[in-house]
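The notes below are grouped by topic.

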Amino acid sequence: MLRVADHAARTDTGRQRPANEDSYWVSAPLFVLADGMGGAQAGEVASQTAVEVFKGGLPDGPGSAEERLAGLVERANAAVHALAQADEQHAGMGTTLTAAYVAEDDLAIAHVGDSRFYVLRDGELSQLTDDHSLVGELVRRGQISAEEAEDHPQRSIITRALGIEGEVVVDHLTWPVRDGDVFLLCSDGLTSMVHDAEVARIISAAGSLGEAASRLVAAANGAGGRDNITVVLFRVEEITPGEGGVLGSQRTMAGAAAPSAEEIRAAAPAPTARGAVQAAERPVVAPRAPRPPQGGRPGGPSVRRRRRWSGPLKALTAVVVLLAIVASGAWIASRAVYFVATDDDGYVALYQGLPYDLPGLSLYQQQFISGVPVQTLSPRVRDTVTAHKLRSQHDAVDLVRQLERGDLAGQS
C-alpha cells in the first residue's frame, strides 16, 4: 500500500513578472499545479479557477483513479472556458494544469500544457509528461534537439491549454510507483531556468523536501527568474496496512498565494455600479428654450443656414448609422466562423473570423499555433491549409488535430 511520506510546495513571482499567475493545491494524496496565461490578471483567474475544481478531492464513482482524475481536468477546462466566455475581461484566458493522485497501488497523472511532472528515482530525474508546446512537438518529431528547444525563440508557445476551447484532450496515465520515489510538479518558470541535471542534484542534496523546494526557486531566480516559479514535491513510501498512517489523515496544506477567483470577482467593480458611475458623469442637458414666435426673428441668417443644411445632415446621419449597423452585424457574424492557415513562421494555425485585412483592421484573431510546419505537408494537404476555407469551430479544430497526429490522408 502506498502512502505520501512527505511533501512541500513553494511559489514565487520571479524577477521579471509583475504578478504571480501560478496556482497550486496540495491535499495529500492529491497534488495540482496550474500556470495561467491571459494578462491583466486573467491568468491568475484562469489558474485559480482550474485549481478550485480539485478542492473537493477525487470523486468516487466508476472508473479508475486515472480516469476520474482526467474527468476533473475536463471539468476544470469547462469552468475556465465558461468564465472566459461570460466575461469580456477574461476573454482568451487559459491555463496549463498538471495533477497527480496517489492511489493504493499506483500513481494517476493527468496533464495539459507545458507544466511538467518528474520522478526522481535512484538519483535520476525522468520527465513523465509531454510538453504541449511548439518546441515540444518539434522535439518529438526529431526536428530539433532537447538542447535546442531550451533556447528556441518560440519555446513559450503552447499548443494545448485549459479554457481555450469547450473541450480539451487530456493526457493521462498510471505510473507504477516504487518505495522512496520523489515526484516534482513544476511550472516552466523552473524548467526554463534550471537544467534537469541541476534540478536532480538540488533535490538529492537537500535535507528535506521543503529545503529542496526553496533551493529550486532560488536557483530559478538566480538564473534570471524570467517567469513565475512554482514547485510541488512529494515522496511516496510503501507501507504494510495496519503499520503505517492512514491516507485520509494526512495533513492538508492549502497552496496558492494568489487570491481565489471569488475574491478577485468580488474586488472587481460590479457592472451595475459602473453603469451608475457612467450615468452620473453624463453632462446635464439644459431644457430647450421656448421657440420665439414666428416673425420675431424674420429672415435672420442663422435660421436660413439651419434650414439649408438640415436635409443633407439628416441623410448623412442615416447613412452613418446604417453603415454602423451593417459593420456591427458583419463583425458579429465573423466571430462564428474559423479557418486554418499558417502563421508568419510557416506553422499551421487556427484563426477565428474572416481571412481578410481592412485598412487598420484585421477581421480575424489567432486562436492557437500547432507544431506542424506547412512545408512538411504534401502539396495536396498544403492546398487544403492555405485555401482558408471557412469552417465551424469543431471542424477547424478537428482538421488541426488530424494534422498534428499525422492522420490526414495523403498528409506526407
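A salt bridge is counted where a side-chain nitrogen of Lys or Arg lies within 4 Å of a carboxyl oxygen of Asp or Glu. The model under discussion is predicted. Under the stated criterion, arginine 121 and aspartate 181 form a salt bridge, with 2.6 Å between their closest N and O atoms. The total count of salt bridges is 10.

**Salt bridges**

- The bridge between arginine 121 and aspartate 181 joins distant parts of the chain, as the two residues are 60 residues apart. Arginine 121 belongs to strand E7, while aspartate 181 sits in the loop between strand E9 (171-175) and strand E10 (182-186).
- The two partners of this bridge can be described by their accessibility. Arginine 121 counts as partly exposed because its relative accessibility is 21%, and aspartate 181 counts as buried because its relative accessibility is 2%.
- Arginine 3 and glutamate 237 also meet through their side chains in a salt bridge, at 3.4 Å from N to O. Arginine 3 lies in strand E1 (residues 2-12) and glutamate 237 in strand E11 (residues 229-238), so this pair ties together parts that are 234 residues apart in sequence. Glutamate 237 has 27% relative accessibility and therefore counts as partly exposed.
- A further salt bridge connects arginine 140 with glutamate 137, whose closest N and O atoms are 3.3 Å apart. Both residues lie in helix H3 (residues 134-140), where a spacing of 3 residues corresponds to about one turn of the helix.

**Nonpolar core**

- The largest nonpolar core consists of 31 residues. Those with the most contacts inside this core are Val32, Phe54, Leu69, Val73, Met93, Leu97 and Leu162.
- Two or more residues of this core come from each of strand E3 (30-37), helix H1 (42-52), helix H2 (65-86), E5 and E6. The greatest contribution is that of H2, which supplies 9 residues.

**Surface charge**

- A patch of negative charge on the surface gathers Glu104, Asp105, Asp179 and Glu238.
- Glutamate 104, one of the members of this patch, is placed in the loop between strand E5 (97-102) and strand E6 (107-112).

**Backbone features**

- The peptide bond that runs from alanine 28 to proline 29 is cis, and its omega is near 15°. Proline 29 occupies the loop between strand E2 (22-27) and E3.
- Aspartate 122 is not a glycine, yet its phi is positive, at about 55°. This residue is located in the loop between strand E7 (116-121) and strand E8 (124-127). Aspartate 122 counts as exposed because its relative accessibility is 71%.
- Histidine 388, likewise a residue other than glycine, has a positive phi near 55°. The loop that holds histidine 388 runs between helix H11 (379-386) and helix H12 (393-405). With a relative accessible area of 33%, histidine 388 is partly exposed.

Note on methods. Residues are numbered from 1 along each chain as its sequence is written. This is a predicted model: local features need pLDDT of at least 70, side-chain atom pairs count only at pLDDT 80 or more; totals for chains, interfaces and linings use all residues. Side-chain values use heavy atoms; hydrogens and water are left out. Patches are made of residues with over 30% relative accessible area and no salt bridge: like charges are joined within 9 Å, nonpolar side chains (Val, Leu, Ile, Met, Phe, Trp, Tyr) within 5 Å. Accessible areas come from the Shrake-Rupley method with a 1.4 Å probe; for residues, only the protein chains shown count as cover. Lys and Arg count as positive and Asp and Glu as negative; His and the chain ends are not counted. The place of a charge is taken as NZ of Lys, CZ of Arg, CG of Asp or CD of Glu. Helices (H or I, at least four residues) and strands (E, at least two) are DSSP runs, numbered from the N terminus. A nonpolar core is a set of buried Ala, Val, Leu, Ile, Met, Phe, Trp, Tyr and Cys residues joined through side-chain atoms within 4.5 Å. Buried means under 20% relative accessible area, exposed over 50%, partly exposed in between (1.4 Å probe, protein chains only).
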